[in-house]
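Hi,

Here is the structure I promised to pass on. Have a look at it first, and then read my notes below.

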Amino acid sequence: MNIKYHIETAWKHCIGNIISLIILTLVVAAVSVVSIGILAPVAFAGYTYSLFQLLKHNREPKAQDVFSQLRLFLPLFIFSLIVFIITIIGFTLFVIPGILFSIIMGYTCLYMIPIMVDKKFGLLDSIKKSISMVTSSHLSDHIIVFIIFAALTTIGGSSFIGFLFLQPFATLFLLSVYEEIV
């Protein structure tokens, strides 16, 4: 896997569509905040759909795409709720189990939402496929992708301006990798 190529692809699309990506990211953030996080997973699925359209068809991202994946609301809501509860229990018992669970879920479900959006798989099939993708061949490549994606989203999440620029870049990077391995 050529990580440099995927970073360059993500960068090229980010720079070429920076205004529409900032608007799209603002809409996702606003929907997530206003809904107290309830709509965050499905808004991110719509965000993923919009960025897929940019990568695959060079179509400019549109704010209304955030609501394009509402069919995924219930499975993503239930999944997020279960992960949240288990993570809180892990952090309550001891901090380490919560951290380990978060890392394991982040890694194994790295491609879950792209699979749900792209292939229209159900939740369980998407999780199985994502696990299969990250544990099969090129394990070290997927670990590097996970570290880059997690680092970009963590750094971006540390400030609002960083979030507006790094979230689209990180997501485009992940989707570019996904496109290669599917």
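Before anything else, keep in mind that this is a predicted model. I'll start with a helix pair: α2 (residues 18–34) packs against α3 at an angle of about 165°, and their axes are 9 Å apart. An angle over 145° counts as roughly antiparallel, so that is how α2 runs relative to α3. The crossing of these two, α2 and α3, is right-handed.

As for who touches whom, α2 brings L21, L24, T25, V28, V31 and S32, and these meet A40, A43, Y47, S50, L51 and L54 of α3. Sorted by type, the residues in this α2–α3 contact come out as nine nonpolar and three polar, with no charged ones.

Helix α3 (residues 40–57) also packs against α6 (residues 112–119), this time at an angle of about 65°, with the axes 9 Å apart. The band from 65 to 115° counts as roughly perpendicular, so α3 and α6 fall into that class. The crossing of α3 and α6 is right-handed. On the α3 side the contact uses P41, F44, A45, T48, Y49, F52 and K56, while α6 supplies I113, P114, V117 and D118. This contact between α3 and α6 has eight nonpolar residues, one polar and two charged.

Now the chain as a whole. What is it built from? Nine helices and zero strands, so the order of elements from the N terminus reads α-α-α-α-α-α-α-α-α. For 182 residues, a compact globule would have a radius of gyration near 16 Å, and the chain agrees with that, having 16 Å itself. Buried residues account for 44% of the 182. Taking contacts between residues at least 6 apart in sequence, 69% of them join residues at least 24 apart.

Is Q64 buried or exposed? Its relative accessible area is 54%, and the cut-off for exposed is over 50%, so Q64 is exposed. From Q64 to I131 there are 67 residues in sequence, and the C-alpha to C-alpha separation of the two is 30 Å in space.

Cheers

How values were computed. Residues numbered from 1 in each chain as written. Predicted model: local features only at pLDDT ≥ 70, side-chain atom pairs only at ≥ 80, totals over all residues. Heavy atoms only, no water. Axes fitted to C-alpha atoms, helices over the stretch in contact; angles between N-to-C directions. Helix = DSSP H or I, 4+ residues; strand = E, 2+ residues; numbered from the N terminus. Parallel < 35°, antiparallel > 145°, perpendicular 65-115°, else oblique. Left-handed = near helix turned anticlockwise from the far one by under 90°. Contact = heavy atoms within 4.5 Å. Nonpolar A, V, L, I, M, F, W, Y, C, P; charged D, E, K, R; others polar. Rg over C-alpha atoms; globule rule 2.2 N^0.38 Å. Buried < 20%, exposed > 50% of the residue type's maximum accessible area, 1.4 Å probe, protein only.
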